[in-house]
Amino acid sequence: RWTIYLNLGDLYKALGQRALAIDNYKKVVELNPRYKYADKLNAEFAEFNSKYVKKMKEKEPAPARPTGAGAKAENLTFFEYSFGIHATLPEYKFVLYLDKEMYPRRIDVLRANEAKPIQVLAVNDSEDINYHCEYYAGGKGRLKAVDMNFDGFQDLRLDCNFGQHNTGYLFWLFDNASGKFIFNSELSEILNPVPKTKTMTITSDVDEGCAGTCRSFRSYKFIGNKLVLLDSYDYTLEEDGSIKKKDKNADAQ
């Protein structure tokens, strides 16, 4: 509903968070190109780009990066991201470091306008499979902010284990009490997790083979800090698009 993004844009603008306001206004025009004030919003985008973006970048301190001989030996490259975690919090910045083969090594977490990381999230730093990210991919769009536990605060998701049909992720859930991102191993073990805001559940629909027709479905819900399995079944996808659940007793027979 485009009106929600309009209201969010107005809220962020009133709070003085111009960049977040612009992001939401852009969504309004995208979803409703015929919005009667679309021209006004487009003019605001242009003004923002010309007057503010350049100045904002000039004022932003560079995030802390590897320095010295040790960093050169690591041969790390990096991508920078900025996300709004919550309307009551300043914008957060993240620096994702990749090794020479473009595997993720760590993520530095910074608050806006601060150069020193407040937290460093380790990736691929041990044999612990929960912290192992197997993707091999260039490009920037691998780190996203998604509210996975429906507490109103955006969490951190790192895309991993890319396959043709199934995708795994690493998740760090934002803890408002400490202001830190906490790694969640249970959520990170789920393939293709999709948060469903309406039901406050997380679903997983996994391709188990048979040219994509053999599948498994799982649904989960956070109860407190615990991720609980609600439903689980295997099924086949029929030619007409319908699903046929697998009889749980079939293998036993």
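Is Met200 buried, exposed or partly exposed?

1. **Basis.** This is a predicted model, in which local features need pLDDT of at least 70, side-chain atom pairs count only at pLDDT 80 or more, and totals for chains, interfaces and linings use all residues. Residues are numbered from 1 along each chain as its sequence is written, and side-chain values use heavy atoms, with hydrogens and water left out.

2. **Met200.** Met200 is partly exposed, with a relative accessible area of 40%. The scale is simple: buried means under 20% relative accessible area, exposed means over 50%, and partly exposed is in between (1.4 Å probe, protein chains only). Met200 sits in the loop between strand 9 and strand 10 (201-209). Its phi is near 55 degrees, a positive value in a residue other than glycine.

3. **Asn192.** This residue is not a glycine either, yet Asn192 has a positive phi of about 50 degrees. Its place is the loop between helix 5 (185-188) and strand 9 (193-196). Asn192 counts as buried, because its relative accessibility is 13%.

4. **Overall make-up.** The protein chain has five helices and 13 strands. Helices (H or I, at least four residues) and strands (E, at least two) are DSSP runs, numbered from the N terminus. Of the 253 residues of the chain, 38% count as buried. Take the contacts between residues at least 6 apart in sequence: 37% of them join residues at least 24 apart. Contact here means heavy atoms within 4.5 Å.

5. **Main core.** The largest nonpolar core has 22 residues. Such a core is a set of buried Ala, Val, Leu, Ile, Met, Phe, Trp, Tyr and Cys residues joined through side-chain atoms within 4.5 Å. Among the residues with the most contacts inside this core are Ile85, Phe94, Leu156 and Trp172. Elements that give two or more residues to the core include strand 1 (77-83), strand 3 (104-111) and strand 6 (155-160). Strand 2 gives the largest share, four residues.

6. Leaving aside residues up to four places away in sequence, Leu156 touches several others, including Phe83, Phe94, Ile107, Leu121 and Phe181. Another core lies apart from the largest one; it has 13 residues, among them Tyr12, Ala21, Ile22 and Ala38.

7. **Helix 2.** Does the length of this helix agree or disagree with expectation? At 1.5 Å a residue, its 14 residues (18-31) should span 20 Å, and the end C-alpha atoms are 20 Å apart, so the two agree. The expected span is 1.5 Å times one less than the number of residues. Buried residues of helix 2 include Arg18, Ala21, Ile22 and Tyr25.

8. Four strands form an open sheet in the order 1-2-3-4, with antiparallel pairing. Two strands pair if DSSP finds at least two bridges between them. Strand 1 and strand 4 (119-122) are the edge strands, and each pairs on one side only. Seven bridges join strand 1 to strand 2. Phe83 stands opposite Tyr92 in strand 2.

9. **Asp108.** Which strand holds Asp108? Asp108 is found in strand 3. Asp108 counts as buried, because its relative accessibility is 4%. A polar contact of 3.4 Å joins the side chains of Asp108 and Tyr97. A polar contact is a pair of N or O atoms within 3.5 Å; within protein, one must be able to donate a hydrogen and the other to accept it, and residues adjacent in sequence count only if both atoms are side-chain atoms.
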